[in-house]
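Subject: Structure handover

Hello,

Below is the structure I said I would pass on.

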Amino acid sequence: MPKPSELFHGGRPAPAAGAGRRPSGVRSKGEVFHVASSSATTAYGGELRIPVHPAAGSVSSMAISYKLEPGQRSRETALTISECGLCVVQGRGRVRIGKSNHEVVVGDLAFIPVQKKFSIENTGEEPLVMLGLITPPDPTMLRLAGLWAE
């Protein structure tokens, strides 16, 4: 049976005490972010916004907004160290996870396991909008959004 630290840290050792502290000058209180005000990238296909990420004060997750126009499809990718939950808040589409296709509509939540290839396609007549939480913050998405420098 895995130790509790393995369950919460993907089999990696738990962070050392104090490892989750925010760097000085980074927000430390809860906040409300206006998603449309955060910068967007189209490097992934569609419009990806990441209003909550490590540089914005989060130490353990990223919040994302993803929008695809009718007929638009994202490029296939995989998160290197993270899991992701994407909830459909507008439209309908198809989420491909590994080799399985899943039709999604408003209220559905797609769970993307770590290192599993996935893509998203808008199969509806209106924009497909999904909100998601990625934990821990993943370099793949941060690179796509221009928030990670090598």
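The side chains of Glu121 and Arg73 meet in a salt bridge, 2.8 Å from N to O. A salt bridge here is a side-chain nitrogen of Lys or Arg within 4 Å of a carboxyl oxygen of Asp or Glu. The two residues come from distant parts of the chain, 48 residues apart: Glu121 is in strand β8 (residues 118-122), and Arg73 is in the loop between β3 and β4. Strands are DSSP runs of E with at least two residues, and helices are runs of H or I with at least four, numbered from the N terminus.

Before the rest, the conditions. This is a predicted model, in which local features need pLDDT of at least 70 and side-chain atom pairs count only at pLDDT 80 or more, while totals for chains, interfaces and linings use all residues. Residues are numbered from 1 along each chain as its sequence is written, and side-chain values use heavy atoms, with hydrogens and water left out.

Salt bridges

Buried means under 20% relative accessible area, exposed means over 50%, and partly exposed is in between (1.4 Å probe, protein chains only). The pair also belongs to a network of salt bridges that links Arg73, Arg94, Glu103 and Glu121. In general, side chains of opposite charge can pair when their charged atoms come close.

The count of salt bridges comes to five. Among them is Glu47 with Arg49, where the closest N and O atoms are 3.2 Å apart. Glu47 is partly exposed at 26%, and Arg49 is buried at 14%. Another joins Lys67 to Glu69, with 3.7 Å between the closest N and O atoms. Lys67 has a relative accessible area of 29% and is therefore partly exposed; Glu69, at 37%, is also partly exposed.

The sheet

Six strands form an open sheet in the order β1-β2-β3-β9-β4-β7, with antiparallel pairing. Two strands pair if DSSP finds at least two bridges between them. The edge strands are β1 (40-41) and β7 (109-112), each of which pairs on one side only.

Strand β3 (residues 62-68) has five of its seven residues buried, so it is largely enclosed by the rest of the structure. On one side, four bridges join β3 to the antiparallel strand β2 (residues 47-52), and Leu48 stands opposite Tyr66 of β3. Strand β3 is also joined to β9 (residues 128-135) by seven bridges, again antiparallel; there Ala63 stands opposite Leu133. Strand β9 is in turn joined to β4 (residues 83-90), with seven bridges and an antiparallel run. In this pairing, Glu83 has Thr135 of β9 as its bridge partner.

Two serines in the loop between β3 and β4

Ser74 lies in this loop and is buried, with a relative accessible area of 4%. Not counting residues up to four places away in sequence, Ser74 touches Tyr44, Tyr66, Leu68, Ser119 and Ile120. Contact means heavy atoms within 4.5 Å.

Ser82 is placed in the loop between β3 and β4 as well, and its relative accessible area is 0%, so it counts as buried. A polar atom of the Ser82 side chain lies 2.4 Å from the backbone oxygen of Pro136. The side chain of Ser82 also makes a polar contact with the side chain of Asp138, at 3.0 Å. A polar contact is a pair of N or O atoms within 3.5 Å; within protein, one must be able to donate a hydrogen and the other to accept it, and residues adjacent in sequence count only if both atoms are side-chain atoms. Leaving aside neighbours within four places in sequence, the contacts of Ser82 include Ile112, Pro113, Val114, Ile134 and Thr135.

Cysteines

How many disulfides does the structure hold? The number is zero, a disulfide being a pair of cysteine sulfur atoms within 2.5 Å. Cys84 is buried at 2% relative accessibility, whereas Cys87 is partly exposed at 26%.

Regards
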